Every structure is written in structure tokens, then in C-alpha cells.
Amino acid sequence: MALKAVHVSDVPSLDHVPENASLSIYSNRFSSGVGFDRSGFKFPKFLVVGHRGSGMNILQSSDRRMRAVKENSIMSFNAAANFPIDFVEFDVQVTKDDCPVIFHDNFIFSEENGTVFEKRVTELSLAEFFCYGLQREPDKVGKTLLRKTNGKIVNWIVEQDDTLCTLQEAFQRVEPKLGFNIELKFDDYIVYDQGYLNNVLQVILKVVFEYAKDRPIIFSTFQPDAAVLVRKLQSTYPVFFLTNGGCELYYDVRRNSLEEAMKLCLENGLQGIVSEVKGIFRNPGAVAKIKESKLSLLTYGKLNNVPEAVYMQHLMGIEGVIVDLVQEITEAVSGMIKPSKVGDEEEASKEGEGEGNGKAQDNSNPQFSPQELAFLLKLIPQLIQQ
């Protein structure tokens, strides 16, 4: 189905969802000890989520880790699964013949006879989509796959390449215990009508419900109307609203602050927020408000590749981070963030009762060890440079 750009005034209200859009036959469930209900959504532990698998590709980076494995590929997802990671995040779009595929950019760039051209992913058929990049047949050569980065067109070359893939293939070929954070990908510069959104989400949900089995799933999207609609279409999996927390401004005010993100979630029954980490550090007071509203909070962004920034978020009460350096951050988290043990709180309470004339120790102010203080002091310059 082709994209349709329309005026804001022409967009139908999402207060009414057509009867044929209902997927209410699916029950509430979420595996691996994660659940949500009216009292709020809860993760069993601090999450580390692999960004586009084992990390996004930054093709002009001097850091080889950013060019190690093709992002958003089966190879990248399974590479991330080799580490103690909880979820992989990836981007899903729907081709014009209604097949959900995994690809981040809105456009595919290629070159023929010295001329660079672009094609929108959602205007390609599945067969056309598969023509680009590494091919499944060893003797077949695909169309050159390029990428637009900072205004420049560069060859999409990585050390370990892989073919483009569909959402169905990810369910069938990726380690089954690995959770999927499925970002519902839409173009920031297009206003979508409800019919288009409904069709795209129905197609994606059909694949999810047919192939997910017991795999943990989280939906997320920057598109406010898509977030609201996917929540109305199903009550099985949690829906998180993606926001840059005010780091950039958009025509749609719902995208421009953590406060607006929280409002959207609370008014429409969404379970949580995924914010650019810089938005959190610039507005730390929003964290307490989000938690008081019983919304979950995850973050994404380059600062999440800094162990000290991740640790700071853990101390702030943020529930998880989406990262590119999967190995480094999972190792750092396991070393800095110890899982809570049953009885720890009771033991701490008993110890406190014996101090200060029989009064419980005041734990309202966090106490940091020299190692923790060193982490925080190292973090400050990182934030100032942003």
C-alpha cells in the first residue's frame, strides 16, 4: 500500500477504530516474568537492549565495532544473543505487497551506470526489496546497497554482511529466548491517514501473533497515532512511545517533550516511554513523574555506550537502555548492577533498626562508594560535551 501524504485536518480521529480492525481475540500475556495490568508495567530487572541487533552501522566511523556486522539482520540479532542481553530492537516497515520487512532507513539507495537513485522501502514489493545487497543465492549478485549519511552517499560495507530479511524470518531464525523490541517505523515528514496506519499495523500484528509464540515482545514507535492505534488493536503486548525528550522539535507537539510523551501514554493506556538519554539528563525531574505515573522508562542514544551513563540511569530508576556496544555494556552492567536477592531488604531493615537510638536508618539520600563517585565524576564531562 503506497504512502499517502495528507493535511492534518483530513486525518480521521482515532477515537473510533473500525470493527474489522479488532484483534481482541488475543489475550493479555507477556512471557519471561514481565507483565502489565492496571497497576502498571514492570520489568523483572534492568534491561540491556541491542540497538538494531548487535549495534547500528556508522559507516564513516573510525570505530570498527560500528561496522562489524550488518545492522537489522538475522546475523546481527543472533550475534547479540551470544551475550546476556534481554531484547534486540529493530525497525519494521511494510512493503507495497503487505510484507513486514526489517529496515531502518525510509529510502534504499543504489547505483546503476554511475547514477545514484533512491526508492522508498514502502513503495517496493518484497521481491524488489530483496534485490538489494547480499543475495541468498551464492552465484547471484544483488543491486549495490548504498546509504545516505550526513548528506553523503557512501557504500554500505561492513565486515560481516548479511541479506535483508523479513519480520517472519526473524521470528523463525533468531534465538527464541531473545525478546524483540519492534519499532513501528514511519516517516517523520508524512502525515498518515488512519486507513493506512490500520492496514500496516494489522499486517505486522498478523505476523507477530502467528510466529511470536512465547517470545517477549515490546512495540515502540515515534508516530503518536500509530502508538495509540496499535494499543487499541491489541492488548497482548506493551506499547511504548518513542521520544527524543525535547532534543529536537517537531510539528506534532506530542513529540516535543517528556511531559507530552507521558500525557499521550496516560490518556491512551500505553505502558511506557523510550526517550533519547540526553532528554533524560537534561530533565532528570521527569523521571520521578514518569515513575509516579506507573509508566516504564527506557532510553536510547549514543551516551548509552558509556558505562557510567548507564550506571547513572540505573541509580535514577530508569529500567533499561538500548545500546550499540552490546558486549561492553552487558559486561559493565553485570559488574556494576547486581541483581537484588530475596531477603536483602528485610536484612537491611533489621540492620537499620539497631542504629541511632533504635530508629531505622534514613535511606532517603543515596550513599555512594568511592568507586561510584568516580563513575559519576567521569560522566560529567561526557554530558557537558553534548
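Is Arg-52 buried or exposed, and at what relative accessibility?

Mentor: Arg-52 counts as buried, at 6% relative accessibility. Here buried means under 20% relative accessible area, exposed means over 50%, and partly exposed is in between, with a 1.4 Å probe and protein chains only. This is a predicted model, in which local features need pLDDT of at least 70 and side-chain atom pairs count only at pLDDT 80 or more, while totals for chains, interfaces and linings use all residues. Residues are numbered from 1 along each chain as its sequence is written, and side-chain values use heavy atoms, with hydrogens and water left out.

Glu-71 is buried too, at 4% relative accessibility. Arg-52 and Glu-71 form a salt bridge, with 3.1 Å between the closest N and O atoms. Both residues of this pair lie in the loop between E3 and H1, 19 residues apart, and the pair links distant parts of the chain. A salt bridge is a side-chain nitrogen of Lys or Arg within 4 Å of a carboxyl oxygen of Asp or Glu. Helices (H or I, at least four residues) and strands (E, at least two) are DSSP runs, numbered from the N terminus. In total, the structure holds 13 salt bridges.

In one, Arg-64 pairs with Glu-159, and the closest N and O atoms are 2.7 Å apart. Glu-159 lies in the loop between strand E9 (152–155) and strand E10 (165–166), 95 residues from Arg-64. Arg-64 counts as exposed at 53% relative accessibility, and Glu-159 as partly exposed at 44%.

In the other, Lys-70 meets Asp-161, with the closest N and O atoms 2.8 Å apart. Lys-70 is buried, at 4% relative accessibility, whereas Asp-161 is partly exposed, at 29%. Returning to Arg-52, salt bridges with shared partners join Arg-52, Glu-71, Asp-105 and Arg-147 into one network.

Next come the aromatic rings. The structure holds 12 aromatic pairs. One of them is Phe-43 with Phe-240, a tilted pair at 6.1 Å centre to centre and 50° between the planes. Phe-43 is in the loop between strand E2 (40–42) and strand E3 (47–51), and Phe-240 is in strand E13 (residues 239–243), so the pair ties together parts 197 residues apart in sequence. Phe-43 is buried, with a relative accessible area of 11%, and Phe-240 is buried as well, at 0%.

Phe-77 and Phe-90 form another tilted pair, 5.1 Å centre to centre with 40° between the planes. Phe-77 belongs to helix H1 (residues 74–80) and Phe-90 to strand E4 (residues 87–94), 13 residues apart. Phe-77 is buried at 0% relative accessibility, and the relative accessible area of Phe-90 is also given as 0%. For these pairs, rings of Phe, Tyr and Trp (its six-membered ring) must have centres within 6.5 Å; planes under 30 degrees apart count as stacked, over 60 as edge-to-face and the rest as tilted.

Over the ring of Phe-180 sits the charged end of Arg-215, 4.1 Å from the ring centre. Arg-255 lies over the face of Tyr-250 in turn, at 3.9 Å from the ring centre. A charge sits over a ring if NZ of Lys or CZ of Arg is within 6 Å of the ring centre and within 35 degrees of the ring normal.

Helix H5 (residues 224–233) has nine of its 10 residues buried, so H5 is largely enclosed by the rest of the structure. Among the buried residues of H5 are Asp-225, Val-228, Arg-231 and Leu-233. At the start of H5, a side-chain oxygen of Gln-223 comes to within 2.9 Å of the backbone nitrogen of Asp-225.

Key
A polar contact is a pair of N or O atoms within 3.5 Å; within protein, one must be able to donate a hydrogen and the other to accept it, and residues adjacent in sequence count only if both atoms are side-chain atoms.
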